[in-house]
Amino acid sequence: MSADVVVVGAGPAGLTLANLLQRNGIACVVLEARDRSYVEQRQRAGVLDHYGGQIFERAGLAAEVLAGAPVERFLELRYEGKPHLLDVPALAGGRAGWIVPQQMLVRRLLGTFLAGGGDLRFEAREVALHDLTSAPRVTYTDAAGPHEIECSYVAGCDGFHGVSRPSIPEDELTTYTFDHGIGWYTVLADAPPPRYPLMGIGANGFAAQFARGPGASRFYVQYRPGAEDPRAWPDDRTWAELRVRLGDPGLPGGAITDREIVEMRSFVAEPMAYGKLFLAGDAAHIITPMGAKGMNLAIADADVLADALTSALRGDDAALRAYSDVCLRRTWDYQDFSRWFTEMVHDIDGDPFRRRLARARFDRLFTNQAAAAAFADMMAGVELVS
Ligand code: RFL
């Protein structure tokens, strides 16, 4: 069989791309390694930034994607227990993000694509990409046996551990990896959510609390990777750390239903293209969760790629040739923002000089209008100006 575009991966990048291509009348097939319920239940990001929301609005998908989603308002930063509120949308000139849990976004995009007659194949195993510099083919296997799809272009939207990036010869890619030396212990707990997204900063280390529904919160506690595994902490220790770091001695405990660790790493592969293969989202770059940009970058890549593929299939491939450069600009901008934010809120190795620098950053946010506006601008998401 054949298709204009084969999209590998049904995460935020692949599903955004598939929906935008569908709206443009481009025939695509989406291949997803996992089953539908796994994809629809995978919990990760929680915020769609203003720019990401605009992408869906422009595409006429806002009703499907954003229905009922609350807009973001204040961010509470507690420095050694003392609360400071940032009205991020007001500082960004009214550009608010939306609280859209990733699994909800994925569920909605998936439903919309299928309702529009989209071709999405779950449990596609052994996906392999062939002849990427000439006439691409994608092969895979499912319960019915092996399959082959001929196509004009392949979109590699299969995340950091997917098959697309490794299909590019190593000497064609430059990769950048950065280990921030910070670990997060994250727990999901039956505990009342905070009034606003909450981050605790101080000499005891970073902690955060975000709402996950009416009776649940996700908590984050900074730890030192290699030195210990906080998943072994008794729950009392976890709650004690959270109470101190969030400056909330009365923080009620609750049943902990999930425990994970996340090591803060950044990665970028350049270019985001090879022959007729184009990488989007985590397949090309990963970013620390500070600033909440991973999912939003995936959506922004998909938006640029959808327009570029549509133009190329209609005979003009200028935007496709520029695709990688355009997306890398935003990627590095966000990497810088995320690193800046990470350094402001974490106590890194107890180093007194870094602690004072972090304090200076924090104070500037609350005393300098231009600095606060620049922060909010990045939180809202940036339109690239050439
Ligand atoms: P995804 O979401 O990883 O989706 C890739 C899809 O490809 C499938 N796949 C394959 N399919 C076919 N063949 C193969 N060989 C395949 N290999 C993989 C996978 O099953 C999957 O369905 O990548 P995508 O679409 O690029 O989206 C990226 C985002 O998921 C990611 O950036 C964010 O989740 C990052 N992230 C956050 N981003 C934010 O914007 N805000 C946040 O608050 C935020 N919190 C987080 C996060 C990531 C986390 N993880 C990964 C540790 C919190 C966590 C804990």
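## Salt bridges

Asp229 and Arg231 form a salt bridge, with their closest N and O atoms 3.0 Å apart; the term stands for a side-chain nitrogen of Lys or Arg within 4 Å of a carboxyl oxygen of Asp or Glu. Asp229 is partly exposed at 35% relative accessibility, and Arg231 is partly exposed at 39%. (Buried means under 20% relative accessible area, exposed over 50%, and partly exposed in between, using a 1.4 Å probe and protein chains only.) Before going further, please note that this is a predicted model, in which local features need pLDDT of at least 70 and side-chain atom pairs count only at pLDDT 80 or more, while totals for chains, interfaces and linings use all residues. Residues are numbered from 1 along each chain as its sequence is written, and side-chain values use heavy atoms, leaving out hydrogens and water.

The structure holds 24 salt bridges. One of them pairs Glu148 with Arg137, where the closest N and O atoms are 2.9 Å apart. Glu148 sits in strand β10 (residues 145-156) and Arg137 in strand β9 (residues 137-142), so this pair ties together parts that are 11 residues apart in sequence. Helices (H or I, at least four residues) and strands (E, at least two) are DSSP runs, numbered from the N terminus. Glu148 is partly exposed at 36% relative accessibility, and Arg137 is partly exposed at 23%. Another salt bridge joins Glu343 to Arg354, with 3.8 Å between the closest N and O atoms. Here Glu343 belongs to helix α9 (residues 318-345) and Arg354 to helix α10 (residues 352-367), so the pair links parts 11 residues apart in sequence. Salt bridges with shared partners also join Glu228, Arg237, Glu241 and Arg245 into one network.

## Nonpolar cores

Now to the interior. In soluble globular proteins, nonpolar side chains tend to be buried together. A nonpolar core here is a set of buried Ala, Val, Leu, Ile, Met, Phe, Trp, Tyr and Cys residues joined through side-chain atoms within 4.5 Å. The largest one has 76 residues, and Val5, Leu17, Leu31 and Leu305 touch the most other members. Helix α8 (residues 294-313) gives the most to this core, with 11 residues.

Leaving aside residues up to four places away in sequence, Leu305 touches Leu17, Ala155, Phe278, Ala280, Leu320 and Tyr323; contact means heavy atoms within 4.5 Å. A second, separate core of 32 residues includes Leu77, Tyr79, Leu86 and Tyr334.

## Helix α7 and its cover

Helix α7 (residues 235-245) has Thr238, Trp239, Glu241, Leu242 and Arg245 as its buried residues. They cover an arc of only 160° around the axis, so they lie on the same side of α7; the arc is that of the directions from the helix axis to the C-beta atoms. Among the elements covering these buried residues are β11 (174-189), β12 (198-201), β13 (207-211), β14 (217-223) and β15 (256-270). Just after α7, Gly247 takes a positive phi of about 60°.

## Cysteines

If you are planning to look at the cysteines, a search of the whole structure finds zero disulfides, a disulfide being a pair of cysteine sulfur atoms within 2.5 Å. For Cys151, the nearest cysteine sulfur is that of Cys28, 11 Å away, and Cys151 is buried at 10% relative accessibility. For Cys327, the nearest cysteine sulfur is that of Cys157, 11 Å away; Cys327 is buried at 0% relative accessibility.
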